[in-house]
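Please open the structure in the viewer and keep the selection tool at hand.

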Amino acid sequence: MIKRKKLGQHFLNSKLIAKKIISEAKITPNDIVLEVGTGLGVLTPLLCENAKKVFSIEIDEDLFQEAKKKFSKIHNLSLNFGDGLTTKEQFTIFVSNLPYSKSKEAIEWLATIPFSHGIIMVQKEFAEKLLAKSSKNRKAISIIATQSFEITTVSKVGKNNFSPPPKIDSVILKIIKKNNLSKNLIQTINKIFSYRRKTVKNILKQFNKESLIDKRVDDLSGDEIINLANKILEK
Ligand code: SAM
């Protein structure tokens with residue numbers, strides 16, 4: 001049970017929602033799909049129907065072994081055991097009912113990698129954070145996500161569509177790649193948000209750089225935060 005909670009093991013039990021995810025993923029015969037978290041495999045065989053190749057990675061060895069037995073006949077499927085968020089496989093489409101505790105890590109990782117688009121399921125609160133309009137609700141991950149992706153909400157998914165049901169409802173998001181961000185830039189954006197009550201002038205002072213700007217982080221637009229991060233990173 002502890003393992004299940006930690007790994008976000010709430011399995012989608014709705015074929016209808018699985019089909020919706022697949023249709024929104026717009027997979028063509030040229031696409032290589034990465035699925036993180038095979039789970040019980042509600043999405044996996046459907047992903048394989050149109051794709052050139054599907055890599056599905058599961059960190060729980062029991063689930064990985066089960067999937068290997070169940071899907072042994074699917075020729076364009078590669079099932080792997082391990083951490084999907086460190087894979088070196090190249091892909092064009094990302095699909096995942098993300099383990100909730102890994103949502104931030106997944107977005108930061110995806111922001112660094114070139115691919116076309118993805119369909120992800122996240123907790124409602126996390127989706128709200130990513131799409132936050134007001135600077136008060138905005139977090140570092142909101143800036144990272146919106147700089148790297150165009151994000152749209154596909155649909156809300158009630159918690160009873162999972163077994164066992166989580167405490168919170170979920171949201172399916174479509175993410176389309178706009179920019180690849182460097183790990184350094186992501187780290188620096190996170191750092192800037194740890195100084196969010198300071199002025200730009202005082203933040204830059206920490207990095208031995210000068211500025212006359214008296215605005216605080218909450219007063220900056222997303223682009224201004226990126227400019228500030230780039231200025232911090234300038235040699
Ligand atoms: N795709 C399945 C579904 O839609 O029902 C499972 C979704 S469940 C929310 C998340 C799955 O991701 C679990 O099976 C969990 O064991 C797996 N998982 C958690 N962390 C992972 C990681 N870092 N890499 C690969 N799989 C992971």
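The bounds of the domains used here come from an automatic or database domain assignment. The model itself is predicted.

**Stop 1: the two domains.** Select residues 2–181 of the protein chain and colour them as domain 1; then select residues 185–233 and colour them as domain 2. The C-alpha centres of domain 1 and domain 2 are separated by 31 Å. Where domain 1 and domain 2 touch, 13 residues of domain 1 and 14 residues of domain 2 take part in the contact.

**Stop 2: the buried area.** Display the surface of each domain. Between domain 1 and domain 2, about 1,100 Å² is buried, and carbon and sulfur atoms give 60% of this area. Next, select Arg138, Ile143 and Gln147 in domain 1: together they supply 43% of the area that domain 1 buries against domain 2, more than any other three residues.

Stop 3: Seven residue pairs, however, are in polar contact across the interface of domain 1 and domain 2.

**Stop 4: the helices on the domain 1 side.** Select α5 (103–111) and α7 (140–148), the elements that give two or more residues to the side of domain 1 touching domain 2. Of the elements on this side, α7 gives the most, with four residues. Finally, colour the side of domain 1 that touches domain 2 by residue class: five residues are nonpolar, three are polar and five are charged.

How values were computed. Residues numbered from 1 in each chain as written. Predicted model: local features only at pLDDT ≥ 70, side-chain atom pairs only at ≥ 80, totals over all residues. Heavy atoms only, no water. Contact = heavy atoms within 4.5 Å. Buried area = accessible area lost by both parts, 1.4 Å probe. Polar contact = N/O pair within 3.5 Å; in protein donor to acceptor, adjacent residues only side chain to side chain. Nonpolar A, V, L, I, M, F, W, Y, C, P; charged D, E, K, R; others polar.
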